[in-house]
Amino acid sequence: CDNEMPVMPDTITLDRRGPAAILTFNRPHALNAWDGAMRAAIVAALADCDRDPQVRAVVVTGAGERAFGAGQDRDEAPPDDGTIEEWVAGWGRFFGAFRALSKPVIAALNGLAAGSAFQVALLCDFRIGHAGVRMGQPEIRAGIASASGPWIIGAALGPMVATDLCLTGRMMAAEECRRLGLFNREVDAGRVVDEAVALAEELSALSPLALALTRQRLKRFDERDFAETLALWPGLLRAVRRDQA
């Protein structure tokens, strides 16, 4: 039976369906874009899921029908020069939470996945898509130098695809996502969460320890690139700021 999960801020919800915890990005009016407080809430929710032995997999999705997530909320004030390192450290904790989880993570893609939300989808172990999904890295079109995009996209899809997406800022339609192997399964739009839960149930039949150790091993392949990304990120922010001053 389904169990209650801890009370969460209204920017996210956390529910249980069988062995799956369903973490929903809950700002549909803003295409589920996140700010620093929302990212911190997601980190805390993932930690709760990791501690719960009855949770065998985590499903992440977006509220509404339009977007999995639009990435960083552009209405949030950017960090000033004195807080850039602290701001980047917050992103390190955010991405690191998805990487460090001991349980499989499944993205139920219910629409647009752009910028850092696209990157989160790539950090998930599985992606359930539908014909209306669009994914990409549009930061360059807003004059933003992508710090984490080249690392995450390059690790998942290779340097040529990362170069294309990061330098053009174009969005990929579902057909291209399908061709690149981004969808592990594809269903009708209204069934992505159900299909993700079904996959979670399949995974729950496997050894939790074997899954945790194998996932840990997979994440170690790009640990050096993760650390390098966080180290270089503040300099990129400052360079763009000086150019725009």
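**Entry 1: α2 and α9**

I began with helix α2 (residues 84-100) and helix α9 (residues 223-244) in this predicted model, whose axes come within 10 Å and cross at roughly 150 degrees. For my own record, axes are lines fitted to C-alpha atoms, for helices over the stretch in contact, and angles run from 0 to 180 degrees between N-to-C directions. Helices (H or I, at least four residues) and strands (E, at least two) are DSSP runs, numbered from the N terminus.

I then looked up the handedness: α2 passes α9 in a right-handed crossing. A crossing is right-handed if the near helix is turned clockwise from the far one by less than a right angle, and left-handed if anticlockwise.

Taking contact as heavy atoms within 4.5 Å, I found I84, E85, W87, V88, W91, G92, F95, G96 and R99 on the α2 side. They meet E223, F226, L230, W233, P234, L237, R238 and R241 of α9. This contact divides into 10 nonpolar, two polar and five charged residues. Here Ala, Val, Leu, Ile, Met, Phe, Trp, Tyr, Cys and Pro count as nonpolar, Asp, Glu, Lys and Arg as charged, and the others, Gly among them, as polar.

**Entry 2: ground rules**

Residues are numbered from 1 along each chain as its sequence is written, and side-chain values use heavy atoms, with hydrogens and water left out. Since the model is predicted, local features need pLDDT of at least 70 and side-chain atom pairs count only at pLDDT 80 or more, while totals for chains, interfaces and linings use all residues.

**Entry 3: the largest pocket**

Next I checked the largest pocket, which holds about 800 Å³ of space. A pocket is an open set of points on a 1 Å grid over the protein atoms alone, where a 1.4 Å probe fits, with protein on both sides within 12 Å along at least five of seven lines; lining residues have an atom within 4 Å of a point. Grid points are joined across faces, edges and corners, and the volume is the space filled by probe spheres set on the points.

I counted 33 lining residues, with Q72, R74, W87, I144 and L237 nearest the centre. α9 gives the most to this lining, with six residues. By class the lining has 18 nonpolar, nine polar and six charged residues.

**Entry 4: the second largest pocket**

The second largest pocket came out at about 390 Å³. Of its 18 lining residues, L122, C124, A155, A156 and K219 are closest to its centre. Two or more residues each come from α3, α4 (148-157) and α8 (208-219), and α4 gives the most, with five.

**Entry 5: α3 and α4**

I followed up on α3 and α4, which pack at an angle of about 35 degrees with their axes 10 Å apart. α3 passes α4 in a left-handed crossing. The contact residues divide into seven nonpolar, three polar and no charged.

**Entry 6: the whole chain**

Last, I noted nine helices and 10 strands.
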